Amino acid sequence: MWKFFHRLASPPHFYRLAAIFAPWLMLPGLVLIAYGTIAGLFVAPEDYQQGDAFRIIYVHVPAAYLSMMAYMIMAVSGGIGLIWRIKLAHAVGAAAAPLGAAFTLLALLTGSIWGRPMWGTWWEWGDPRLTSELILLFLYFGYMALRSAIDDTLKADKACAVIALVGVVNVVIVHYSVEWWSSLHQGQTLLRKGGPAMDSAMLYPLLAMILGFTLVFGALLLRRVRTEVLYRERRTRWVRKMILAPQGGR
Amino acid sequence: MMIDDVAEQPGIASGLVAMVRRDLLLVWKRPGDVLNPLFFFAMVCTLFPLAVGPSAEQLTFSGPGVLWVAALLATLLSLNSLFVADFEDGSLEQLLVSPQPLPALVLGKTIAHWLSSGVPLVLVSPLLAITYRMPTDVVGVMMLTLALGTVCLSLLGSIGAALTVGLSRGTALLSLLILPLAMPVLLLGANTVSLAAGDEMYSTGIWALAAYAVATLSLAPYAAAAALRISNE
Amino acid sequence: MTAKLSANDLTLVRGERVLFHGLGFALNSGELLLLQGQNGSGKTSLIRAIAGLLSLESGEIFWGGVPVLQQRQLFHGSLVWLAHSSGLKADLTLVENLEFEKVLRPQSAREPEEVFERLGIARLKRLPVRFLSAGQQRRVALARILLADVALWLLDEPFTNLDQEGRELVIELTEEHLAGGGLCVLAAHQDIDLEATVKMVRL
């Protein structure tokens, strides 16, 4: 069992395994998203309060959830890379950042679109979730800016690991403090505390979308990590051999 | 001289205290450096009435927020120089090869930084608060939040400063890294003062800031020390 | 008997370049490790790696047979490092700088005044360091080395900015340190003539 993990941490083995696994994540993911989209748009009944506007949650909730998960992945992989000095872990963190930032942006856009019919405005600072999500976007930008500012790859990896770990603590603090702030100013929220009451016709497409998005995220992450690994290991023998091989490598 | 004996190591507290003393001595030799963030603080406070108008109502209402944002920006400005000077003359890397625990030395530097930038800010703030028509009892609350808040900011800032020391565009990057970390501090500080201004219960905010200060005091030096080692590789 | 300072199979990669590969050495009391090579060959990086500032791609450094990473505090308490930059605060005087040094590292029982006399900087001790010439600053940095009570000296190009007299002084001081049972790692890009056992590493 340990041997499996040990081999996984080795870049050439990971490169091969990731190529094999990725389609197994991507295809079911896309299928789930397809089901979720169709069911969410056409099968689920209207929300008694929000009408058809609520349907954006089928994109917003998965995006928001993944934006958080991506940051957790960055922090955990950074921690693993720092403590056990596994270079692949750093590659995972580097690969996850732009993906996470993209999902954060998506969550913000869909959140804004969702809020428009209800608030009458494109942005409501008083919504604690939206504001927290914006701060998360800033954390992502800081991480990516730090990475691009340091030339040496290993040094950049370690520095970004530190900022990701500090950031993860900050995410929690931001969540609670923004909630307190919002309660002071009685802003309007998208989701009431305790979550919206949903019947199963609404819920199943949502679960499908969440799972589907997660699988697709996983597949995209694997692809990005493969690219990272290829770039980082570009001078090693195994990469050279693979690229120069007759078939041109897969 | 017995080379093989391990000479007695100086204690941790002495390292921290010596660091504080050295940095304060350096500030003493260049007292003008203390004034820069203070003037920046005052200037930012001037920007708002200029930009949005001097109506009394608006000033009283926005006072806590504006003062806090100005204090945050001024602290950010002063954080740039936390490690840069030591990095440039090579004294920083000497700290890294000292038997003294690095987090203690970093904490010493941060304390000296707070004493030379945060404390003056707190002391000057009443003058600016008066221009924002802040009642005296609220000014007291504001000074308390600023005192606690600047401690948090100096500590959080030391992490960002440690990560960006030696980088060519480090200044802008420092702000980008620290601001998201500083947002909860700003939030707690400014809103606590607003609550006090509105005659509402504000102790939650004070306790939260105090807790945050204690938490950052115990954790930030370790993160900053790790970041310094990484930056100096 | 295990060598006091030793290393095996050291490999260091900086950016894309492999600075050295499979490097090893063993240094005992009274011996000098001379690092020779042109500018940019990795002498400074090797010294920094020995000091524990750089992470190595492979290999370990041992102090008294124990890996340095397992006894960082002890190891750092046993060395003093003269880097390219003086490591002194320019706004402070020599005396003020050394006051701070006392806490950083165990100090010897040597009289500071004697050390200043020896180095020819006694009359400069109350001037802020930035008013001193480059050569004087180098001598001031040497005072830091002499006043530390440590076994290992790491000297990175100690002869820079020094005149002939200064260079001879450095050699003399190093010889004394080695004779007293100390160790020294010295990086230079010229030949050194020293009265002690010298081991060479060419980078």
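This is a predicted model: local features need pLDDT of at least 70, side-chain atom pairs count only at pLDDT 80 or more; totals for chains, interfaces and linings use all residues.
Q: Start with helix 2 of chain B. How many residues does helix 2 have, and how far does it reach?
A: Helix 2 of chain B covers residues 32–52, which is 21 residues. From first C-alpha to last it reaches 31 Å, close to the 30 Å expected at 1.5 Å a residue.

Q: Which residues of that helix are buried?
A: Pro37(B), Phe41(B), Cys45(B) and Phe48(B).

Q: Why are they on the same side of helix 2 of chain B?
A: Because they cover an arc of only 80° around the axis.

Q: What covers the buried residues of helix 2 of chain B?
A: The cover includes helix 3 (56–79) and helix 6 (102–131) of chain B.

Q: And which exposed residues sit on the face turned away from the buried side?
A: That face of helix 2 of chain B carries Gly32(B), Leu35(B), Phe39(B), Met43(B), Leu47(B), Leu50(B) and Ala51(B).

Q: What follows helix 2 of chain B?
A: Gly53(B) does, with a positive phi near 100°.

Q: Switching to the contact between chains A and B. How many residues does each chain give?
A: Chain B gives 21 residues and chain A gives 22.

Q: Which elements of chain B give two or more residues to that side?
A: Helix 7 (136–164), helix 8 (170–197) and helix 9 (203–231) of chain B. Helix 8 has the largest share, with 11 residues.

Q: How do the residues on chain B's side divide into nonpolar, polar and charged?
A: There are 17 nonpolar, 2 polar and 2 charged residues on the side of chain B that touches chain A.

Q: Back to helix 7 of chain B. Mostly covered or mostly open?
A: Mostly covered. Of its 29 residues, 24 are buried. Helix 7 of chain B reaches 40 Å from first C-alpha to last, close to the expected 42 Å.

Q: What is the phi of Gly166(B), after helix 7?
A: Positive, near 90°. Gly166(B) follows helix 7 of chain B.

Q: Now chain C. What is its secondary structure?
A: Chain C has 6 helices and 9 strands.

Q: How compact is chain C?
A: The radius of gyration of chain C is 17 Å, close to the 17 Å from the globule rule for 203 residues, so chain C is as compact as a globular protein of that length. Its C-alpha trace spans about 45 × 30 × 30 Å along the principal axes.

Q: What share of chain C is buried?
A: Buried residues make up 44% of the 203.

Q: And which share of its contacts with a separation of 6 or more comes from residues 24 or more positions apart?
A: In chain C, 73%.

Definitions and conventions:
Residues are numbered from 1 along each chain as its sequence is written. Chains are lettered from A and ligands numbered from 1 in the order in which they are written. Helices (H or I, at least four residues) and strands (E, at least two) are DSSP runs, numbered from the N terminus. The expected span of a helix is 1.5 Å times one less than its number of residues. A residue is buried if 20 or more other C-beta atoms lie within 10 Å of its own, exposed if 12 or fewer, and partly exposed in between; C-beta atoms are placed from the backbone. The arc is that of the directions from the helix axis to the C-beta atoms. Two residues are in contact if their C-beta atoms, placed from the backbone, lie within 7 Å. The radius of gyration is taken over C-alpha atoms; the globule rule is 2.2 Å times the number of residues to the power 0.38. Ala, Val, Leu, Ile, Met, Phe, Trp, Tyr, Cys and Pro count as nonpolar, Asp, Glu, Lys and Arg as charged, and the others, Gly among them, as polar.
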